[in-house]
Each structure stands twice: as C-alpha cells, then as structure tokens.
Amino acid sequence: MISTKNLSVGYGNRVVLSDLNLDFRAGEFTVLLGPNGCGKSSLIKTVLGLEEKLSGEIFVDGRAAEDIDRRQLACKMSYMPQSRPAPNISAMRMVLHGRFPYLSFPRRYRREDIELAEKALKRADALDLASCYMPRLSGGQRQKVYLAMVLAQDTEMVFMDEPTTFLDIEHQLSVMETIRSLAAEGKGMVMVLHDIAMAMRYAQRILLFSDGALRADGTPEEIFSSGQIEKVFNVGLKRVNTEEGWQYYYSKAPHRG
C-alpha cells in the first residue's frame, strides 16, 4: 500500500494540491478526475518520486519512500506516462525494459523475463507487434506496447497517466477491461483519466480534484450521488441502467437524471 500524509505537490514553489491524506491499495482500481491543470499528473509523479514533494510524507508499505532504494521502489511501483519518446528498438526490446529493476549489471535477460514480456504483450493486445520497431508504430500501437512494458514490470502498484490516449474506442474499452481485471487479480491500478463517463463505468474508486484540493473520494455511486461532478466540471451527469450495469453520460446544462 502507498499512503500520503499532509502531502503538497506542485511546480517549483507553486502549490497545486495540498494536505493530501490518501491511501492507494492493492486490488483496487482508482481513477483521478479533475479539470486540466488541477494537479492529477503531478500527484502521481510525486508519489513515484519523479517530482519533488513540496511538503508532507509518502509511505510505501509503511516505510518512508525516501528511505527505500530506487531499484526496490521500481519493483513495487510502475508508471505509464501519457507520452514518451520512441527509441529505434523493437517493441519486444521496449517491453523488456520493464524487467530492468530485476536484473543485475550487465543486464542479461533470463527465460522468465522473455516469457513475462511475451505474456505482457499478449495481454496488451500487442503480441503481433513484437518484432516491429517503435518509430514505425502508430500512436495507438505504441501505447499498447508501453502498457505491455508496465505489465512486464510486474509491480503491485501501477500508476498510469491517460493510458487510453491515441487508442480508438474499441481498444480504449479493451484497455479499461484489462485494467479492471488486473485490479481483480490483486494489483493496485491508479489512473489519471479525462473521460468522466468511462471513469464512472470502470473505476472502483474515484478521487475528484479541483481548486487545489481533494473534493470527493468514493465509489462511482457515491460520487454520482454527491453531485460533485456537476460542481467541478459544470456539466450534467446522467446515467441509464443497462444489462452491463450503469452507463453514464453528460450534458452541457448541470442536471442529474
């Protein structure tokens, strides 16, 4: 489990989120929602140690994060950014980068590393891309390879920043299903997402941020009932019950049906 105590994050000396007391737990699919620039991406980067915290504390399994070796942290937490450079290597080689925390120098891949990479590519629906070189892939294909790299890292906690970027709707839904199934298998999945309806449909827990603070923390049902989505985004959130459960949609005028 990863937790924060009175955590403040931001850029330089500018605080964008403050006094956050949060727990990110294994076996839970959490989505971070909020307007652009509210600090969602900064929060996960700070938790991962990629950005400096402004104040407060971060704990990993009860230990202060700064007391844990970077390699050990990389075996506990993985990260899929919204975008990254595409080096001139094959997709398989890219996915194998996820195994680096488990290898001594010089890095020599073991059979288990190859098998985990192949399994990750298959789960990300990208096994057919294994021999393709990254610069030749479309944005959506690269995104699937990056997802496979995170899966190959095989950490208990996974943080993702807009993982459905560049994907068509079919593959967006496939990725969301995969993430939900990973949470069901015991991994902690934490995602920044801008699609409110998709977040409400798939997440088990939603953290809603705006104006420098956490505005709501709860299940999609609790978030819907609170009316906070309308207040934060100035849209009307509605839903309809289907055979697959509640399906959410929104309109310009704030109104809940």
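Predicted model: local features only at pLDDT ≥ 70, side-chain atom pairs only at ≥ 80, totals over all residues.
Residues are numbered from 1 along each chain as its sequence is written, and side-chain values use heavy atoms, with hydrogens and water left out.

Biologist: How many aromatic pairs are there?

Modeller: Rings of Phe, Tyr and Trp (its six-membered ring) pair if their centres lie within 6.5 Å, and planes under 30 degrees apart count as stacked, over 60 as edge-to-face and the rest as tilted. By this rule the count of aromatic pairs comes to three.

Biologist: Of which kind is the pair of Phe24 and Phe159?

Modeller: Phe24 and Phe159 have 5.7 Å from centre to centre and 80 degrees between the planes, and the pair is edge-to-face. The pair links distant parts of the chain, 135 residues apart, with Phe24 in strand 3 (residues 23-24) and Phe159 in strand 8 (residues 157-161), where strands are DSSP runs of E with at least two residues and helices are runs of H or I with at least four, numbered from the N terminus. As to its geometry, then, the pair is edge-to-face.

Biologist: Why is the pair of Phe224 and Tyr248 edge-to-face?

Modeller: Phe224 belongs to helix 8 (residues 220-226) and Tyr248 to strand 13 (residues 245-251), 24 residues apart. Their ring centres are 5.8 Å apart, and the pair is edge-to-face because the planes stand at 65 degrees.

Biologist: Is Gln228 buried or exposed?

Modeller: Gln228 is found in helix 9 (residues 228-233). Buried means under 20% relative accessible area, exposed over 50% and partly exposed in between, with a 1.4 Å probe and protein chains only. Because its relative accessibility is 19%, Gln228 counts as buried.

Biologist: Which residue lies over the face of Trp246?

Modeller: A charge sits over a ring if NZ of Lys or CZ of Arg is within 6 Å of the ring centre and within 35 degrees of the ring normal. At 3.8 Å from the ring centre of Trp246, the residue over its face is Arg239.
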